[in-house]
Amino acid sequence: MSNTSGFSVSKPVALWNKPIKADFKELFKSLGKGVINGVFGQWGEVAKDAVEATAALGLGSAPEEVAWLLIYRSLVEAIVSLIKGNQELLFEKPNNSDLELLCDRLNHSLESIELRIDQDFFSRPKDLPILEAVKTAFADWLKYFSVNQAQALTISHRLPTYFVFALHEEWAKNPEKYACLKEELDTPFTQANEREQSWQRYLAWLQKQVEEPMLLEAFGLKQVFVPLHAYYKQKVGGEKEEEFERRVREDEKYQRIVLDLETELEAWLEKGDRHDAIRVISGGPGSGKSSFAKIFAANQAEKGKIPVLFIPLHHFEPSDDLVEAVGKFVRDDGFLRHNPLDKDKADSRLLIIFDGLDELAMQGKIATETAQQFVREVQRKVERFNGRETCLQVLIGGRELVVQANISDFRQPQQILHILPYFVTEYERKNYIDDQNLLQQDQRQIWWQKYGNASGRGYDCLPEELNQDNLTEITAQPLLNYLVALSFDQQKKFPTDGNLNAIYANLLTAVYKRGWAGYQHPAIRGIEEKDFVRILEEIALASWHGDGRTTTVREIEAHCEHSSLKSLLDKFQESAKLGVTRLLTAFYFRESGVKEQEKTFEFTHKSFGEYLTAKRIVREVRLIHKKLKDRQDDPDEGWNEREALKRWAILCGASPMDEYLFKFVADEMRLQNASDVSNWQQTLCHLISFMLRHGIPMDRLTPRPDFQEENRQARNAEEALLAALNACARVTKTVSKIEWHTPEAFGTWISKIQGQRKDSNNVLALECLSLLNLSECILHNRDFHNANLEGANLSNTRLAFAHFFAANLKGVNIQAAWLVVVNLEDANLEGANLERANLKGANLKRANLVGANLLGANLVGANLERANLKGANLEWPRLKRTNFESENVADLNEGSDSND
């Protein structure tokens, strides 16, 4: 031994000549035989002999021999984990003699490597010299199974990160075996107490997460991640007070200041201001929020300055006490042995990253309410922990709508950071202040170059076929850009109509047919594509009925059995459970934990589940139409209306449809035959009319829910029925004609769905009132704040004192409607027909009346202050006692035949 703390470790030469299996030759042979024999999913068993044989080595208790044992076991676990994660790529089977020669050669290349274990090893285990040699040998082994050169290098380059995590795992599992190293080496790693060791292990796991394979790829997120840009809003100074006179205004004046997201958050962490300890990342589906959160957590873990706790909120059970909720998450997670927020055990500094504010769920509460309570509890606890100095900083990520719903709780400058796409067009750039010229860069080019290198597909920029104006919005979004790449790789062409569902459909086909040079994933061998898609839809439905993202094998089996799909499940393997498990570990899903002693699986991205659920809903609409028509044609066939409504309640009652799922439903309708959609529209009108007269037959559900649950599920099913009808109308562009059995029927129904308003956010139903016939309905005092009624028929409707603040009434027919003292402030009435409407005392302040027909309308006492009446057609005498301050007076009767 040298005088310094440390010693040389080489694999004892004598041992290599003994007939034992604890060497790299036997390890690679064991793994190779596992591939050849098709032992998928059981790599731990395949390599068990190679690991456990070290117990028979006869090694002494000398530190160098114990250190070799630690290194060897960690390397084995790391290699096994890498192969397990990429087993779908290993499909060529070399013969046994070739494998023997390969393993001899690989073993010889590693034979003479000497290791030196010193203080630096545990500080920088990634720098261990043998890792480079093992990486090269491992890449050569992978290529024997037809993994291409780029893929083999990509997988092997991930070995150091996997090795570091395996090192921590091995040390934690077998501390007694390595006790002598504590005496020999004085390092933070060897001398760490149990608490410190659990943190080290957890932070190593965070770094491993971003290197785990993406979907069915050889590479991880880290290999293709492109640093994101973002902006924050800053009110323009010096504006007139009336510009800000209401809290939520579409045209409110802001400066959008562009910044590099990671640089900004690094500076925020470094500053550690206790009065600015919460930051929020806002972005739409697939904008890169979660990817950034994982990368940022991994980077902070690698730097090691501030401990970081990463919490995906769909795995988090919120409660009234954040400390208790975090404690439960940590216990269930299994890494940390303590609650980092416990008063007596709290760390001096801690960063918590909460990812997925929109995915919080609490029994009996709507998602927005749960999110709001969670945010306020976080604020209370941050304030308490940071009473004297900064101890806790929190980063929260969520979709735009839920962040917007909580905007009143985020008042600090730069507190909300809005993610920008990979590419912002030159026209759009003028909406931003970009002093660093970040938006000049087309980050799509960088991503495609990284993707080309990591995948071996040779791209050095965005392919010319995809660099089209009509695809910019898609390729500029991180997730969609990646899905485009997968689909384009398979087919070298791409749907160009901009319908996101067409992209996802293309991807489904690409995943199904994806060959890896003609190879299919074992889970889908012998399964037709339509059956493959059908099973995925049922899994998505099971997830939607749960928490929106996760489900269990048992829940999937129950849904498939209800939908008469069990025979399809049985096709996957000997039993349904094995088949589902293998399917779920493929492209769309990953294992995520345990629920009621059952393994849970989650969609790799929430939008996968939303798209597949939308397909399932549209499939049900098609089936309902067919079954009702069958009954009309033959009383012994098909379903009656009650059976159809029961099926709909089972499908859409468990969970409310939100704006994101509705968008997928609407886009899916656009992909259907227009004639079919027109027929479905009429069927849904009939079904809603029947439902309003007779109710949804919740009594037919088995088991029957209790009264409160029946009401909740009925409300969800009815809203989804309206949404499905509206999706049809958006395709046909024709008004939906529901037969209202009484004039007040619609008003009573929409009031039930809407419930008591809590804030400015609308239920989905108010977004689905376009192209709806409400003629002659009684809707006095109804709340249509910010509702979408574009193209609806409101002729002769009774709407006194109704509230249409900021509503979309473009192209609406409101002829002869009773609109006395109605509030139409900021409403969009462009092209609306208000002929002979009674608008006495109406509030039309800032309303958009461009091209509106107001002939014969009664505007006595109406407030038209700053309304836009350009091209409007109206009669001046009817404006008596009107408050009329318009910037477009000169254009009032442009193109009109009326007299001035």
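A salt bridge is defined here as a side-chain nitrogen of Lys or Arg within 4 Å of a carboxyl oxygen of Asp or Glu. Side chains of opposite charge can pair when their charged atoms come close. The model is predicted, so local features need pLDDT of at least 70 and side-chain atom pairs count only at pLDDT 80 or more, while totals for chains, interfaces and linings use all residues. Residues are numbered from 1 along each chain as its sequence is written, and side-chain values use heavy atoms, with hydrogens and water left out.

The structure contains 41 salt bridges. One of them joins Asp140 to Lys143, with an N to O distance of 3.5 Å. Both residues belong to helix α8 (residues 129-143), where a spacing of three residues separates them by about one helical turn; helices (H or I, at least four residues) and strands (E, at least two) are DSSP runs, numbered from the N terminus. Asp140 is partly exposed at 21% relative accessibility, and Lys143 is partly exposed at 33%. Buried denotes under 20% relative accessible area, exposed over 50%, and partly exposed the range in between (1.4 Å probe, protein chains only).

In helix α28 (residues 606-633), Arg616 and Glu620 lie four residues apart, about one turn of the helix. Their closest N and O atoms are 2.8 Å apart in a salt bridge. Arg616 is buried, with a relative accessible area of 4%, and Glu620 is buried at 2%.

Helix α32 (residues 707-732) holds Glu719 and Arg715, which are four residues and about one helical turn apart. Their side chains form a salt bridge of 2.7 Å, N to O, and both residues are buried.
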